[in-house]
Amino acid sequence: RLRLRRCAMTQAGGIDYGRALRVARAITSTTVNDIARLAGISESVIKRIERGQYPKPEYITALAKALGRSETWLMSLAHGLLIEEDAEGRILANVKL
C-alpha cells in the first residue's frame, strides 16, 4: 500500500518548511531548544517540522518572530530563496539556494 507523507507532498510542490527551518536556525545560530522556547512551541513539534511535517500557520508566525525575522523571510527559505530585507520589510536582494 502506498503512503504519502506530507513532507513528500510539500517538497514535490517546491515548499520545504523543514529545510527552511534548519537553514534559518543555522543562519541565526539558534538551537532546537532555543527556538522552541522562544516560539512557545515544543521541541518535538520543531523536530517534526524539520522532518517534513507541514506547520500550522500560527507556527510559521511564531517561528519567524522567535528567529527575529519576518514571515516573508522564513517563507522564502521554504521556497528555496534567501532574501535580505530592510527595516521596513522591503526586499533588497534574493539568492536562490
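**Figure 1. Overview of the predicted chain.** Residues 24 or more positions apart account for 44% of the contacts in the chain with a separation of 6 or more, a contact being heavy atoms within 4.5 Å. The model is predicted, so local features need pLDDT of at least 70 and side-chain atom pairs count only at pLDDT 80 or more, whereas totals for chains, interfaces and linings use all residues. Numbering starts from 1 along each chain as its sequence is written, and side-chain values use heavy atoms, with hydrogens and water left out. The chain has six helices and two strands, arranged along the sequence as α-α-α-α-α-α-β-β. Helices (H or I, at least four residues) and strands (E, at least two) are DSSP runs numbered from the N terminus. Of the 97 residues in the chain, 37% are buried. Buried means under 20% relative accessible area, exposed over 50%, and partly exposed in between (1.4 Å probe, protein chains only).

**Figure 2. Contact of α2 with α6.** The axes of α2 and α6 come within 7 Å and cross at roughly 120°. Axes are lines fitted to C-alpha atoms, for helices over the stretch in contact, and angles run from 0 to 180 degrees between N-to-C directions. The two helices, α2 and α6, are therefore oblique to each other; under 35 degrees would count as roughly parallel, over 145 as roughly antiparallel, 65 to 115 as roughly perpendicular, and the rest is oblique. The crossing of α2 and α6 is right-handed, the term for a near helix turned clockwise from the far one by less than a right angle, with anticlockwise being left-handed. From α2, Tyr-17, Ala-20, Val-23, Ala-24 and Ile-27 take part, and from α6, Trp-73, Leu-74, Met-75, Leu-77 and Ala-78. By class, this contact of α2 with α6 has 10 nonpolar, no polar and no charged residues. Ala, Val, Leu, Ile, Met, Phe, Trp, Tyr, Cys and Pro count as nonpolar, Asp, Glu, Lys and Arg as charged, and the others, Gly among them, as polar.

**Figure 3. The loop residue Ser-29.** Ser-29 lies in the loop between α2 (17-28) and α3. Its phi is positive, about 55°, although Ser-29 is not a glycine. Most residues other than glycine have a negative phi. With 66% relative accessibility, Ser-29 counts as exposed.

Figure 4. In α3, the residues Val-32, Ile-35, Ala-36 and Ala-39 are buried. They cover an arc of only 100° around the axis and so sit on the same side of α3; the arc is that of the directions from the helix axis to the C-beta atoms. These buried residues of α3 pack against α2, α4 and α5. The axes of α3 (residues 32-39) and α4 (residues 43-50) come within 9 Å and cross at roughly 115°, and the crossing is right-handed. Val-32, Asn-33, Ile-35 and Ala-36 in α3 meet Glu-43, Ile-46, Lys-47 and Glu-50 in α4. The contact of α3 with α4 has four nonpolar, one polar and three charged residues. Gly-40, with a positive phi near 70°, follows α3.

Figure 5. Tyr-59, Ile-60, Leu-63, Ala-64, Ala-66 and Leu-67 are buried in α5 (residues 57-67). Down the axis of α5, these buried residues fall within an arc of 160°, so they line one face of the helix. They pack against α2, α3, α4 and α6 (71-78). The face of α5 turned away from the buried side carries the exposed residues Pro-57 and Lys-65. Gly-68 follows α5 and has a positive phi, near 75°.
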